Amino acid sequence: MITGTTDGKIMVRRCLVTFKPFRIFVVGIGFFSLCFLMTSLGGQFSAKRLGDSPFTIRTEVLGGVESRGVLRKISDMLEVILKRMDSLSKLDNTSSTDARRLDELSSAINRFQPAGLVERIQAIAQNVSNMATRVEQILQNSMVQGRVRDGTSSQCEIPRDPHFPECPGKVDWMRARWTSDPCYAFYGVDGSDCSFLVYLSEVEWFCPPLVWRNQSSPPTQYVVQPKAPKRQAAFRTDLSVLLDQVGAGKESLSFMKRRIRRLAQQWAAAANRLNAKLEQRWRDQKKILVHVGFLTEESGDVFSPKVLKGGPLGEMVQWADILTALHVLGHNLKISMSVKELQGFLGVPPGRGSCPLTGPLPFDLIYTDYHGMQQMKQHMGLSLKKHKCHIRVIDTFGTEPAYNHEEYATLHGYRTNWGYWNLNARQYMTMFPHTPDNSFMGFVSEELNETEKKSIQQNKVNNMAVVYGKEASMWKQGKDGFLQILHNYMEVHGTVYYETQRPPEVPAFVKNHGLLPQHELQQLLRKAKLFIGFGFPYEGPAPLEAIANGCIFLQPKFTPPHSSLNHEFFRGKPTSREVSSQHPYAEQYIGRPHVMTVDYNNSLEFDSAIREIMRTQVKPYLPYEYTCEGMLERVHAYIQHQDFCSLEPPFVPTNLSRPGSAGGSRVPGPLFVPLPNSTALGWASNVTASTAWPPLSSLRLLVSQEGQSCVETCRSEGFICEPAHFRFINNKEALRRLEVQCDVVDSEVNHILPAFSVLRRECGLQREPLLFSCAGYSPKYRRLCPCRDFRRGQVALCRDCL
């Protein structure tokens, strides 16, 4: 049946081809013509016979952009059909009548004319249905004869092998669902048990290899791909190739390219300095895919339309800097901004993502975000689990281990919409170093030379303030009180977006410049004395840029701290982190005089802070870790040293050796030794263990108080919690050296372990490595905390990490 429309703008939603247990043979270009005509008409067409039809074509009507992605699915299905064409063309028992009827079908399709089109399509529908029945019979006979010639049985027995316990269940699933995804037909599945077993043993790994198959070529999942020869990465200072790769067509991409161009000279200078620091040592060049999931059309891309309307830019700032750092470090980079590009780069088989990739993963590393993870899960099938050790997830606010472990999160109330990927927590990479369980990726701020710094100090306007708030909605909800106090002392400037008239939320005494281009905003910040936050947005790049341009940043203190337990913004995010101010990094790592954090609800405290700011003189300041060189140094270390694909064996103290020991036998002596002028224990220098990064020389073992996390414990002693060191302290020897009294030592699955109860004299060690957590705490237990030292201005790296 065909249903027409009058406006001619109806788009086809999908042309769904459902394959029943046979292989389809379509002559020439006829089927393409048919699909094209159905798509052009925008109607509904059904070729269907009564009963269980082996061949169904259906289109549904939809107006809108969504049809573009669906047309790609049509193309994928047609590719599957073409790959199966030779299965019938090679048959030697096809009758001349069958061949003639196939020729007639092709000829009829190719002779379409507008006149009588409906009737012709209906006729073709009946022919297709009739031919489908005959083709099915021919192929069934051929399959039987083919198996006899090959010396195989036409019926395959389902193996009951204890080494492959899931095989019978998987075969039952295939019987019921193999037509749910065209990728199964792409791999040769035709509805027979034999084809199921071939697929489940040679493409997937749930069934044992079949004895009657040609075993000269091992199954794809068992093939060990030869390693490509290593290539040396060389620093790059020319960014023109990168700019071409980023692409165009979206304002978000234009913003990123403008940022890359503006900082090009700083990246080049930083590359030369880091190259000299590393003394031109060998660096492996990696094949890297960057898939920016949140900017794909499939994710909705709500960011691009708001770039010029005051929308958030922090994510685009970070992604631009990540792309530039990877390019400058000399790696082989591919960039994906759509699901279609992602599929092409990964080698995804045509279909809906139920099948594994067609070959080995062509990349050493994949950088993406949570949107990209969802898209890879949808299109990589079982391959995602196999290759997830190569993935790095750019995650602004962080993901704690309790939320990351799917089963644990589900059982203990930590399940959210974003966590549960069962990655190593260090595979999540944050914008600020607020979650030591994750890796700190960061971004860069523009660095000033000495001449520029002196000029800024000389030209500062002492009574000029700029408000951190580009959207009018940020000026609502009780801002009038402290803004009036600020106005009593300073001239207040804003950069609030508007289209035609001044936003009514902005007080009349505020000089609003509208949304400014980046270079004009920089000039405004270089004049201003104060950059003041309203409490939102959280943890953005703007405060660092203001401090780098010589501003003092004033921000509100949150009492109680904001978290997923008490604030809507953080609800559903995979973290229990408590945010004590608008920008905790600025508060904790920079602090006074560059950053002041006060209670905005206390008018006396706020008034006092404004007067202190006007008396205080500061120089432009930028932490080293947010310079181009700092980011290059950090990303270089991660790429060369972090390896989540090699299994880390459980650490067994009795397997250690010391200089002079024979055969690796244990020599008496402590693993942990007191450190001078410290309450921490360090790793004994005469003990060698498996290769670790960060190196064990950085380890500092501390004990928390009840109710205190290892993040707080390490910070209180001037260290950073290092999750990679947990496996070296998760043992009885660490408990003994800390003189912990244990009546019972259990091994359990809990994100606060290793820990002990003083009152109960109970000690617990961690059984699940994915749950080693710096962030966990319990009011009843004291925790064993693996802290480490860090490089000055670079908290992500220990002193010996380069």
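These are my notebook entries on a predicted model of a protein chain.

**Overview.** I found 27 helices and 24 strands in its secondary structure. I then looked up contacts between residues at least 6 apart in sequence, and 72% of these join residues at least 24 apart. The accessible surface is about 37,200 Å², with 51% belonging to carbon and sulfur atoms.

**Strand β19.** My next stop was β19, residues 699-703. Four of its five residues are buried, so the strand is largely enclosed by the rest of the structure. With β24 (residues 782-788), β19 makes an antiparallel pairing over five bridges; L699 has R788 as its bridge partner.

**Aromatic rings.** I noted 37 aromatic pairs in the structure. One of them is F186 with Y187, edge-to-face at 5.3 Å centre to centre and 75° between the planes. F186 counts as buried because its relative accessibility is 19%, and the cut-off is under 20%. Y187, at 22%, is partly exposed.

I also looked at F536 and F569: their planes are at 75° and the centres 5.4 Å apart, so this pair is edge-to-face. F536 sits in the loop between β13 and α21, and F569 in the loop between β14 and β15, so the pair ties together parts 33 residues apart in sequence.

**Charges over rings.** Last, I found R415 over the face of Y420, 4.0 Å from the ring centre. R634 lies over the face of F440, at 4.2 Å.

How values were computed: Residues numbered from 1 in each chain as written. Predicted model: local features only at pLDDT ≥ 70, side-chain atom pairs only at ≥ 80, totals over all residues. Heavy atoms only, no water. Buried < 20%, exposed > 50% of the residue type's maximum accessible area, 1.4 Å probe, protein only. Helix = DSSP H or I, 4+ residues; strand = E, 2+ residues; numbered from the N terminus. Pairing = 2+ DSSP bridges. Contact = heavy atoms within 4.5 Å. Areas by Shrake-Rupley, 256 points an atom, 1.4 Å probe, with all protein chains shown as cover. Phe/Tyr/Trp six-rings, centres within 6.5 Å; stacked < 30°, edge-to-face > 60°. Lys NZ or Arg CZ within 6 Å of the ring centre and 35° of its normal.
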